[in-house]
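Biologist: I would like to read this structure feature by feature. Where do we begin?

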Amino acid sequence: MTFPPPSHPAAAAEPSIADDLALALRLADAADAVSMARFDAADLDVTLKSDATHVTESDLATERAIRAVLEAERPGDGVFGEEFGAAGDTHRQWIIDPIDGTANYLKGIPMWATLIALAIDGAPVVGVVSQPAIGRRWWGATGLGAWTGAEDAEPRRLAVSSVDAIADASVSFQSIAQWREAGELAALERLTTTVWRDRAYGDAWPYMLLAEGRLEFVAEFGVKEYDIAPYAVIIPEAGGRFTAYDGSASISERSSLATNGILHDEFLALLHESATIPTESSR
């Protein structure tokens, strides 16, 4: 499945970042071909990892396919993937989750995605989220905007919502269990009793709904860099904000908080009722 990257005026783009984005989209093409070949297969091989999470043959094969393209096209770049760990230089590091939403994948539920990001000196600058089972893809790069498209359709630029009151906001909180394990159930109750609408959509999709302007808030816990790296590019490029749950600008804090930007500091204050939260202007 090939999605065309958006065209940009030559003067507005950084050629190296544009080239990296083009490669990330090719990586997603390679991943989609492998992951879709075995999606909803009756004889899919599934095993348990040491942390009791599932891994399928497709998780492994999809990451191998991405790594093979990188080895051929960018042998000097480093790679950090969920299934095979980190290797190579960390100055330019590709961060990969071959199938985000493995539990959905093995159940034949189409809400799973391949996540691909490039980080330079630890900061994500390119991100791609591909959900081939529903024929959708989202991508972005620093300075090049954030985009979405379906197969054979013109890309559409993403923009977060302009909702400016928490009482009018629609939020996704991933799962009650996550918030309980993080010791944040009281914060979740404050959140869900204050906003207009709350749902737990899960995995990559709610972040992309936020980037499309359909949600105002997504947060989760227990995440690693490969679970969230593309969002740290796509959401800001769509006009929103992406931080850790404590408001820090990091993808290494094992948590995430994404908003439409307008409401970010208000959400932080609501969640951390008794804490002093740094505002964007004070960081």
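Modeller: Start with glutamine 131, which lies in strand S7. Helices (H or I, at least four residues) and strands (E, at least two) are DSSP runs, numbered from the N terminus. This is a predicted model: local features need pLDDT of at least 70, side-chain atom pairs count only at pLDDT 80 or more, and totals for chains, interfaces and linings use all residues. Residues are numbered from 1 along each chain as its sequence is written, and side-chain values use heavy atoms, with hydrogens and water left out.

Biologist: Is glutamine 131 buried or exposed?

Modeller: Buried means under 20% relative accessible area, exposed over 50%, partly exposed in between (1.4 Å probe, protein chains only). Glutamine 131 has 1% relative accessibility, so it counts as buried.

Biologist: Which residues does glutamine 131 touch?

Modeller: Contact means heavy atoms within 4.5 Å. Leaving out residues up to four places away in sequence, glutamine 131 touches Pro110, Met111, Trp112, Ala113, Arg136, Trp138 and Trp205. Take tryptophan 112: it is 19 residues from glutamine 131 in sequence, and 6.1 Å away in space, C-alpha to C-alpha.

Biologist: How do I find the faces of a helix?

Modeller: An α-helix has 3.6 residues a turn, so residues three or four places apart point the same way. In H5, Ala187, Leu188 and Leu191 are buried. Seen down the axis, they fall within an arc of 100°, so they line one face of the helix. The arc is that of the directions from the helix axis to the C-beta atoms. On the other side of H5, Glu189 and Thr193 are exposed.

Biologist: What do the buried residues of H5 pack against?

Modeller: S11, H4, S13 and H9. Helix H9 (residues 264-271) has its own buried residues: His264, Phe267, Leu268, Leu270 and Leu271. Their arc is within 165°, so they too line one face. Their cover includes helix H5 (185-194), strand S14 (241-243) and strand S15 (255-259).

Biologist: And the nonpolar core?

Modeller: In soluble globular proteins, nonpolar side chains tend to be buried together. A nonpolar core is a set of buried Ala, Val, Leu, Ile, Met, Phe, Trp, Tyr and Cys residues joined through side-chain atoms within 4.5 Å. The largest has 31 residues; Ile95, Val129, Tyr207, Tyr231, Ile234, Ile235 and Phe242 touch the most other members. Helix H6 (205-211) is one of the elements that give two or more residues to this core. H6 supplies the largest share, five residues. Apart from this core lies another, of 23 residues, among them Ala24 and Ile116.
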